[in-house]
Amino acid sequence: MRHAARSSVPLVCALLLAMPVRAALARTIEVPAFALDAAAEAVVPHVAVGADGSMLFAWQSGADVRVRLFAQSGAALAAAATVATGAAPRLAADTRGGYVLAYLRASGCRLHLFGRRLDAAGQPVGAEIAV
């Protein structure tokens, strides 16, 4: 039992010493308030941050999935655009500077999952993909 207690001491010390480092790395980022789409209601928006720090928002507006690109400062870099017909959009940045968008579309009593690649400006690349 003593041996187990001794071996955990270096681990506890390492964790305690790392706490100030973690606190220094954690910082609060203030994001300004801004309108996604003044012409339509933005339902359940999602955001992905690109490699350059730009933010692409995706949301549902009626039966459409819309996106809009913003700079880190919150300034709009493009107008809101419809990129698909569907609901419940989810968004992620990819490793090549673009984005991947997933959304649902109803057909009869079934929901189907679709995906779409978007470039760094938030514009569709190729056709949508049925998953």
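This is a predicted model: local features need pLDDT of at least 70, side-chain atom pairs count only at pLDDT 80 or more; totals for chains, interfaces and linings use all residues.
Ala93 stands opposite Tyr99, a residue of β6. Residues are numbered from 1 along each chain as its sequence is written, and side-chain values use heavy atoms, with hydrogens and water left out.

Strand β5 and strand β6 (residues 99-107) are joined in the antiparallel sense over 5 bridges; two strands are said to pair if DSSP finds at least two bridges between them. Both belong to an open sheet of 4 strands, which has the order β5-β6-β7-β8 with antiparallel pairing. At the edges stand β5 (87-93) and β8, each with a single partner strand, so one side of each is left without a neighbour in the sheet. From one strand to the next, the twist averages 20°, where axes are lines fitted to C-alpha atoms (for helices over the stretch in contact) and angles run from 0 to 180 degrees between N-to-C directions.

Glu128 and Arg105 meet through their side chains in a salt bridge, at 2.8 Å from N to O. Glu128 lies in strand β8 and Arg105 in strand β6, so the pair ties together parts that are 23 residues apart in sequence. A salt bridge here is a side-chain nitrogen of Lys or Arg within 4 Å of a carboxyl oxygen of Asp or Glu, and by this rule the count comes to 1 salt bridge. Glu128 is partly exposed, with a relative accessible area of 29%, and Arg105 is also partly exposed, at 24%. In these terms, buried means under 20% relative accessible area, exposed over 50%, and partly exposed in between (1.4 Å probe, protein chains only).

After β8 (124-130) comes the segment that holds Val131, a residue that counts as exposed at 73% relative accessibility. Together with Leu113 and Ile129, Val131 makes a nonpolar surface patch of about 290 Å². Patches are made of residues with over 30% relative accessible area and no salt bridge; like charges are joined within 9 Å, and nonpolar side chains (Val, Leu, Ile, Met, Phe, Trp, Tyr) within 5 Å. Accessible areas come from the Shrake-Rupley method with a 1.4 Å probe, and for residues only the protein chains shown count as cover.

Ala48 has Leu56 as its bridge partner in β2. The two strands form a hairpin with 5 residues between them, and Gly53 in the turn has a positive phi of about 90°. In the loop between α1 (2-25) and β1 (43-49) sits Leu36, which is buried at a relative accessible area of 12%. Beyond its neighbours within four places in sequence, Leu36 is in contact (heavy atoms within 4.5 Å) with several residues, among them Pro45, Phe57, Trp59 and Phe70.

For the chain as a whole, there are 1 helix and 8 strands. Helices (H or I, at least four residues) and strands (E, at least two) are DSSP runs, numbered from the N terminus. Of the 131 residues, 26% count as buried.
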